[in-house]
Amino acid sequence: MSVKEIQSEELSQILAAAQKPVLVDFWAPWCGPCRALGPVVEEVSGELDFYKMNVDDNYDFAMQNKIVSIPTVMIFKDGKVAHRMVGALPKDALIKEIRAHI
């Protein structure tokens, strides 16, 4: 599965219908670490529902969810945040974090 770009309005519907954990990469096109994390996110997205949300386009959502540094990857379980990872993690570290929390 490739990573799909979503808007904040879509996330609640995605979480309500999710049968497994959902991961969301909060990013911005001007963010160098976000661009570095992008290919890693694409690579690990095969087994999970993985989405991207541009914080510039969804500023209110980012502020409500206390996303103050990007990239931030959040794991949602049962519609709630189960884990939050901040920064451009290397592939092995990202996989380890995901596996520990899904």
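Q: Why is Phe 61 called buried?
A: In this predicted model, Phe 61 has a relative accessible area of 16%. Buried means under 20%, exposed over 50%, partly exposed in between (1.4 Å probe, protein chains only). So Phe 61 is buried.

Q: What makes Phe 26 count as buried?
A: Its relative accessibility is 1%, so Phe 26 falls under the cut-off.

Q: Why is the pair of Phe 26 and Phe 61 called stacked?
A: Rings of Phe, Tyr and Trp (its six-membered ring) pair if their centres lie within 6.5 Å; planes under 30 degrees apart count as stacked, over 60 as edge-to-face and the rest as tilted. Here the centres are 5.9 Å apart and the planes at 20 degrees, so the pair is stacked. A search of the whole structure finds one aromatic pair.

Q: Which elements does the pair link?
A: Phe 26 lies in strand β2 (residues 22-27) and Phe 61 in helix α3 (residues 59-64), 35 residues apart. Helices (H or I, at least four residues) and strands (E, at least two) are DSSP runs, numbered from the N terminus.

Q: Which residues have the most contacts inside the largest nonpolar core?
A: Leu 11, Val 24 and Phe 26, in a core of 20 residues. Such a core is a set of buried Ala, Val, Leu, Ile, Met, Phe, Trp, Tyr and Cys residues joined through side-chain atoms within 4.5 Å. Strand β2 gives the most, with four residues.

Residues are numbered from 1 along each chain as its sequence is written. Local features need pLDDT of at least 70, side-chain atom pairs 80 or more, while totals for chains, interfaces and linings use all residues; side-chain values use heavy atoms, without hydrogens and water.
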